[in-house]
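Subject: Structure for your files

Hello,

Please find the structure below, followed by notes on what was found in it.

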Amino acid sequence: MEHIRMPKVENVRLVDRSSSRRIQVGTLYLTATHIIFVGKGSEDRNELWVLHSLVCNVVKHKSSQSGYPLLIHCKNFQVIQFIIPQESDCHNVYISLSRLSRPEKYEELYCFSFNPNVDKAEREHSWDFLNLKAEYSRMGLPNKLWHVTPINREYRVCDTYPADLFVPKSVTLPVIVGSSKFRSRGRFPTLSYYCKENHATICRSSQPLSGFSARCLEDEQMLQAIMKSNPGSRFMYVVDTRPKLNAMANRAAGKGYENEDNYCNIKFQFIGIENIHVMRNSQQKLIEVSALRSPSMGEFLLGLENSDWLRHIKSTMEAGIFISKAVAEEGVSVLVHCSDGWDRTAQVCSVASVLLDPYYRTIKGLMVLIEKDWVSFGHKFSHRCGHLDGEPKEVSPVIDQFLECVWQLMEQFPCAFEYNEKFLISIHNHVYSCHYGNFICNSQKERKDLCIKEKSHSIWPHLWESKLDFMNPLFKPDQSQNQGLLRPSTAPYCFKYWRRLYNRFDRELHPRQSELDCLMTIKEETQQLEEELALYEQKLAVLDKERAKTLYMQKGVLDSKQALWSLPLDTSLANTPQDYIGGFIGGAPNVFTLQQGERESAELSLFGDKPKSSDADSSDQESGVADFSSHSSGEESLPSEDSVKYPDSDETGPNRA
Amino acid sequence: MELSEHIKTANVEDVTLKRPFHPALRGTLCVTSHHLLFSDRKDEASWQLLILLRNIDAIEKRAVGSSGTITIKCKDLLVLQLEIPGMEECLNIASSIEALSSLESVTEMYPFFYRPSHLTLQGPWGLSSMEQYYKQTERLWDRWRVSTVNSDYSVCPSYPSAVIVPREVADDMLIRSARFRQGGRFPVLSYCHHRNGMVIMRSSQPLTGANKKRCKEDELLLQAVIDGSELGYVIDLRSAQQAQQARMTGGGFESKSCYSHWKRIHRHHERGKVVQESLIKLVEACSDPSHSVDRWLSKLENSKWLSHVHSALSTAGLVVECVERDGHSVLVHGSEGTDNTLLVSSLAQLILDPASRTVTGFLCLLEREWIQAGHPFQQRCAHSAYSHARLKQECPSFLLLLDCVWQVWRQFPLALEFSEALLLRLAQEAYASNYGTFLCNSEQERCAAGVKENTHCLLQSLLKPDIEEQYLNPLYEPTDLAIWPSVHPQSLQLWTGLFLRWTEYAQNMVEAREEVWSIVKEHRERAGPDQTNNTLSTHCETLTPFENLMDELTIL
């Protein structure tokens, strides 16, 4: 609390980014955990809640006539602009927010103060929702070739790995220790995915400390053992996900990649995914493009091209495809690594797993996959997501890219996934929100030391409760092409801009009616009808079936149906006009903007929310965004000045009058 | 010369056919006056491929030893390969295709020979006439009338024989106004808004010329359109500079001094060759899946196709804003008034008018605003994206319309009664068809060629006896509201269904559409037929408050 210099500011204006003409006046509150804006003058609950942990940066802009603008960029790509009347207030809010959004200690994070109304037992239970042991046994492990090694129980061999690791049974403890000493950060080769059908595996590690010529017998034995644990194959792939040049540069620092001559029967392969710094810059450019106000089609497409983002998504996808094909089609095991084996390696292993195993295309399956390949294997969430104030160069959207790869796959295979994109977006939001303990810290060990499980809650049961919102009505698990390996196309036109994520809060950009929501309602209703039918059939049997009863049944079904349909779908938004002038006039003058805003502010909501269910996150305040439950009238009247909209350039002076 | 004289080799055996997603097939190839027929030689359940020669946009020949390969590129963007044993046969086939796929004479084209057993040539041709449209639209009766001033097509050769004009404007004034407009396309009614009686008019540019000629009758005609209300908008589909330049060549615009109650808004739209080249570039970009993402995006951008989609939708949105929200009438024109003008006026109607979002309503809209209104289909659709022929008057205006409609459907997946499949079918038929609907450039030409007497009408056959299920949107829920599309670049997408139609990508979408149908059918089965109606009425009620709100704000 000591960081809050200014708990409350009155007469603050909240500006809608999509149209500077939509402005709302209200009160801004700073609490220990949230920025809260309460619009005034409306009976509806016009509130905006933003978690401090979601704030990416705060920028003061040059003062304008109406006050001092403050721009807040969030990690979930929301952009909020406040205009604060007094300069001192603005400065105080700025200073407070800058500090609040950059916590120095873990203890300051929201997950440690978030206290939903559940008891201790329930909280502990929430952490048992996912069980990695069960996941490995689903894969068919342990078996006669693979077992759990106790070697890292105390995190002594590798402090960024989980305690329980699967290695070939034939590998002895000294071999593991030897291999770990030959690997960057001790991240020795260990199992990530096991394919029951053909015994091929995906293993992961960090880069070997090979330098220009160093060898390690134990490491070579380790790889040999992994290859031999797949009895059907005579070689294995070693995939280095880095560009060859980067890997070679690492040799000078005593690191590097496997020399094919030293290892028996390996096929070595570079894949060329760029490093975290390139990705961070690329996403930054993408975000800038997504935030352009009324760009032309050309500006947008060129911006998208220049960001290189989709190229990076494609290379990640291609790596995943290579591995999944090696495992499923060739039956060959693959060892994947990058430098440290916690970024690109995590991406690539998990993309390959989604392609390989339909289980990961279910809601529960994706949760498990993230828990396994990302959380347990030490993806450095705290650093990559910038949870704490720290080195900005450690921040990188690595998990964003994984989620996006899954989304791109969903676009290609609309019937192959149990979940929809809302699920991915919710996960994305919570990875950054620090609302739950799952994505705090950089490794399992750190989480244990910090007693995350004792002090915070797990996100997964919470998401599971909203399962219905995350369902893809088109999911057809029994269809043959949706079973087994997915074979996506990597033609360039298959990689699309993820509007729902990057323009998540720009509501006017999204379709006004949701096909999926509509189908979901229909499906639920069908199911309900079926259940009712079954129920009535049961009753009928009991009542010793008379003809008259049949009529009664039909009536019952009718009533219940009507009730269901009164739930409004998104059609209510059909009449929100768009800004058709935006791109064509060179920005309306400021004075005009504000007058317009003043006049309309009373009747307008800013980001008036869709009726529930359209955005799973909007229902829970703690997640960062609260409902604006008012109507979305979203009316803008046309500017009536000719000079703005109708340049009569051809007219000569006298004619004009 | 008889068509059959173009055929030197009618049959070739042992031809190999390659097409996307199918294994190569061996069979017999056969050329007829209008078709290319391939059938594999298995005796039972033989498979046949029948391609209308008119559908072939370009062919490429290549010699491989003693045999030849012909690559056939169709106007519907399908690409096929035929391996023909024997060089001479190959060359003969190729030259037959070249000659027969680009027939100039309308009456030699296939629609004049297409005689399916289930259709008869008796009865009226087309869905509706201007007179019928007028009769059905009660809100027109008071202030508007049907004029037959053009009954012999002498006033405006590209207009239909009957047009709707303000009641108080006499035919001789129309004749004068027509003389003042390019191609005689004087302002006529395109749509009257059901909510407020405001209208969308369309015309060609006025012929003011360099010395600012005026035409009293034209001014009075437009005055009569707004009938005492203060303001109307002229949406000029050229930039102010282009409109200015047009004066040098005899064209021009409605100047403020002469049309004091009309405000002019200029919106730049590309036309003609530029748009055709866009299509060519886009299809070229789509045809190489080995491009890098960067190259693809830059090619996509460079094609400018999506920019045209963007302009068309935003201008249509602007027209709708003027009509629905500001409550003013609008006159739309570019230069000739036969391409972008029709594009914008028909899109605006789709956004405004729930009646044009049903299958019948949409087909009637196309008939009225494109076929009867004189979009020169024959010139515009002579070639598609693959042809190497020098461009003459080709321009994919109609394809652009279908793309825009598709974009609207993407954003309002419940608001249109028809499906993407219908749009794809129309895209195909406009370029090559068994039907006479898209033949010729105007009603006058169609009359002269006897199209109505000697061909079948596509629009009729789509609706009779019943529209095929695949052309319906299973999720359709009528709404009375205007459906304002978003025109942000982020909201517009490449129409994969059309441009990537023959790729794996589109195949997966077919599966998804089938699943949508099966979900809806299962529901209908459970709920019974009565339920569907119930659903709609309940749903409409939830919309009413918004309607009222809308009206209030419009008055503001």
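In an unreviewed entry, UniProt lists residues 124–499 of chain B as "domain: Myotubularin phosphatase"; UniProt positions are given in the numbering used here, feature names are shortened, and annotations may be inferred rather than shown by experiment. Over residues 124–499 of chain B, the chain is 42% helix and 9% strand, and the end C-alpha atoms lie 35 Å apart. Helices (H or I, at least four residues) and strands (E, at least two) are DSSP runs, numbered from the N terminus.

This is a predicted model, in which local features need pLDDT of at least 70 and side-chain atom pairs count only at pLDDT 80 or more, while totals for chains, interfaces and linings use all residues. Residues are numbered from 1 along each chain as its sequence is written, chains are lettered from A and ligands numbered from 1 in the order in which they are written, and side-chain values use heavy atoms, with hydrogens and water left out.

Chain A has 24 helices and 14 strands. Of its 657 residues, 60% count as buried (under 20% relative accessible area; exposed is over 50%, partly exposed in between; 1.4 Å probe, protein chains only). Among the contacts in chain A with a separation of 6 or more, 72% are between residues 24 or more positions apart; contact means heavy atoms within 4.5 Å.

Cys338(A) sits in the loop between β14 (334–337) and α11 (344–356) of chain A and is buried, with a relative accessible area of 2%. Leaving aside neighbours within four places in sequence, the contacts of Cys338(A) include Ser205(A), Ser206(A), Asp240(A), Arg242(A) and Asp343(A).

Two helix pairs. The axes of α5 (residues 173–181) and α6 (residues 217–228) of chain A come within 7 Å and cross at roughly 115°. That makes α5(A) roughly perpendicular to α6(A). Axes are lines fitted to C-alpha atoms, for helices over the stretch in contact, and angles run from 0 to 180 degrees between N-to-C directions; under 35 degrees counts as roughly parallel, over 145 as roughly antiparallel, 65 to 115 as roughly perpendicular and the rest as oblique. By class, the contact of α5(A) with α6(A) has three nonpolar, three polar and two charged residues (Ala, Val, Leu, Ile, Met, Phe, Trp, Tyr, Cys and Pro count as nonpolar, Asp, Glu, Lys and Arg as charged, and the others, Gly among them, as polar).

For α12 (residues 363–376) and α15 (residues 421–433) of chain A, the axes come within 12 Å and cross at roughly 30°, so α12(A) is roughly parallel to α15(A). Ile363(A), Leu366(A), Met367(A) and Ile370(A) in α12(A) meet Phe423(A), Leu424(A) and Ile427(A) in α15(A). This contact of α12(A) with α15(A) has seven nonpolar, no polar and no charged residues.

Backbone geometry. Most residues other than glycine have a negative phi, and most peptide bonds are trans. Asn11(A), not a glycine, has a positive phi of about 55°; Asn11(A) is in strand β1 (residues 8–15) of chain A and is partly exposed, at 41% relative accessible area. Cys441(A) has a positive phi of about 75°, lies in the loop between α15 and α16 (444–449) of chain A and counts as buried at 1% relative accessibility. A cis peptide bond, with omega about -5°, joins Leu141(A) and Pro142(A); Pro142(A) is in the loop between α4 (132–139) and β8 (146–149) of chain A.

Regards
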